[in-house]
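Visitor: I have a few terms to check. Please walk me through the labels and what stands behind them.

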Amino acid sequence: MNRMLVFVALAAGPFLLQGCGEERKATEEVAAKPQSTTIPAPPPEPQPHVVEFRAVGKTFQGPSEIPAGWTTFRFVNASSMTHFAMLDVPPEGITAREISDAVMQPFQDAMDGMNAGDEEAVNAAFGRFPEWIGELGRNGGPGFLSPGRAGQTTVYLEPGHYIMECYVKSDGIFHTTSPGEGQLGMLLDLTVTNQNSNAPEPQANATLAIRNSGFELVSGELNTGTNTIRVDFIEQQALPSFVGNDVHLMRVDGEDSIAKADAWLDWRTPDGLEDPSPVTFLGGINDITAGAHGYFTVDLEPGDYAFIAEMPGPQAAGFVLPFTVGE
Ligand SMILES: [Cu+2]
C-alpha cells in the first residue's frame, strides 16, 4: 500500500464505523432520556494527595515522579534505625549523584577529621565544597522517626527537581555517604511535575510558630488522638551546623530525655545523630524558607512530649517546647 492509500483508508474509517452504529445510537438516546432530569452529583471533595516513601535499611524507596501542590508524605520507617527525609532543592542540573560526590563525601571526610581531632583534615574537607553549595535550598520533608513508625508531613511543592536526604549516622558514617563506588546512600532524586494534584491544604488543630529565638505555640492545643500541627516558618537562619530551623516531636519518657536529645541533635559531635537515638521520635518537619509553612500529623497517647529542633544546643536556643497530653 502506498502512502496515499493508507490516508484514504484512515479517512474513510470513522464514516464506515458510524454507519454501522446508527441503529444502536438511537436506542441509547431513548434509554438515556430519564437521566437528563436528575440533578448532577456534586464534584467529589478534593482529597489530600498522599505519596508513600519508605526507609528500608539505609535506603529510601518511593516514586521518582509526583505531581505538584500540597503533598502529604507518608514516611514509613521499615528499618531498625532512626531516619528522617529532608527535601533539598538543589541548584539547576545538580543530581543526587553529584551531591553525593561533591557534598556528602567532603561532609564524611570532615566528620572523620572531627572524630580524629584533626582540625587540618576538617578544614581541608570543608574547603572542597563546591561553589553552588550556597544555592542549596530546602523544602521541609518528614522529621525524625524512630524504627517501625510511620509519620505524615505535608508541604507545598512547586514543580521542579528535589532530593530527599537523611544524614543520621551509623558507626560514624552519615546515611547520606555513598556505601561504595557508584552507589547512593540515603539520597533520592524526586521530580515534581507541572501537573498539580489540586489537593487541599490540611486542617490543623494547633499552630507552632518558628522564629530564630525558638518555638511558640500560637494557637490551638495538642490532644490525645490524631493531631495535625501547622508549622509557620516565620524566620529561618543559617546555623553553624549548615542547617536551619526545623521541628521534631519526641516522647519525654524520663527526667533526662530532653537533656539526652539536646546533646544528640548536634551532628558535629561523635555521638551526635548516631543511631540509635536516645529518645523516641514521632516525626516533624524539616527546614523550609522563611514565610512558608507546612504541616505534620501525629497520633498521641496520653503522656509527655516535646517539640525540639535539630541544631547545636536546641534547649539553650529556645528550641525545646515540652507539653503534656492528658487522658
Ligand atoms: Cu537515615
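**Labels and their grounds**

Guide: Along the chain, the donors of the copper ion follow the spacing H-x82-C-x8-H-x10-M. Keep in mind that this is a predicted model.

Visitor: Which atoms coordinate the copper ion?

Guide: His83 (ND1), Cys166 (SG), His175 (ND1) and Met186 (SD) do, at 2.0 to 2.8 Å. The cut-off for a donor here is within 2.8 Å of the metal.

Visitor: Why is the site of the copper ion called irregular?

Guide: The angles among its 4 donor atoms run from 81 to 128 degrees.

Visitor: What makes Cys166 and His175 count as buried?

Guide: Buried means under 20% relative accessible area. Cys166 has 0%, and His175 has 2%. Therefore both are buried.

Visitor: How do you know that Phe84 and Phe144 form an aromatic pair, and why is the pair called edge-to-face?

Guide: The count comes to 21 aromatic pairs. In this one, the rings of Phe84 and Phe144 are 5.1 Å apart, centre to centre, with 70 degrees between the planes. Centres must lie within 6.5 Å, and planes over 60 degrees apart count as edge-to-face. Phe84 sits in the loop between β3 and β4, and Phe144 in the loop between β5 and β6, 60 residues apart.

Visitor: Are Phe84 and Phe144 buried or exposed?

Guide: Buried: Phe84 has a relative accessible area of 0%, and Phe144 has 1%.

Visitor: What makes Asp88 and Arg138 a salt bridge?

Guide: Their closest N and O atoms are 3.2 Å apart. The cut-off is within 4 Å, so the pair qualifies. Asp88 lies in strand β4 and Arg138 in strand β5, so the bridge ties together parts 50 residues apart in sequence. Both residues are buried.

Visitor: Why are Arg97 and Asp101 called partly exposed?

Guide: Arg97 has a relative accessible area of 29%, and Asp101 has 49%. Buried is under 20% and exposed over 50%; partly exposed is in between. Both values fall there, so the label holds. These two also form a salt bridge, with 3.3 Å between the closest N and O atoms. They are 4 residues apart in helix α2, separated by about one helical turn.

Methods
Residues numbered from 1 in each chain as written. Predicted model: local features only at pLDDT ≥ 70, side-chain atom pairs only at ≥ 80, totals over all residues. Heavy atoms only, no water. Donors = N, O, S within 2.8 Å, 3.2 Å for Na, K, Ca; no water. Tetrahedral: all angles 85-135°; square planar, octahedral: opposite > 155°, others 65-115°. Buried < 20%, exposed > 50% of the residue type's maximum accessible area, 1.4 Å probe, protein only. Phe/Tyr/Trp six-rings, centres within 6.5 Å; stacked < 30°, edge-to-face > 60°. Helix = DSSP H or I, 4+ residues; strand = E, 2+ residues; numbered from the N terminus. Salt bridge = Lys/Arg side-chain N within 4 Å of Asp/Glu carboxyl O.
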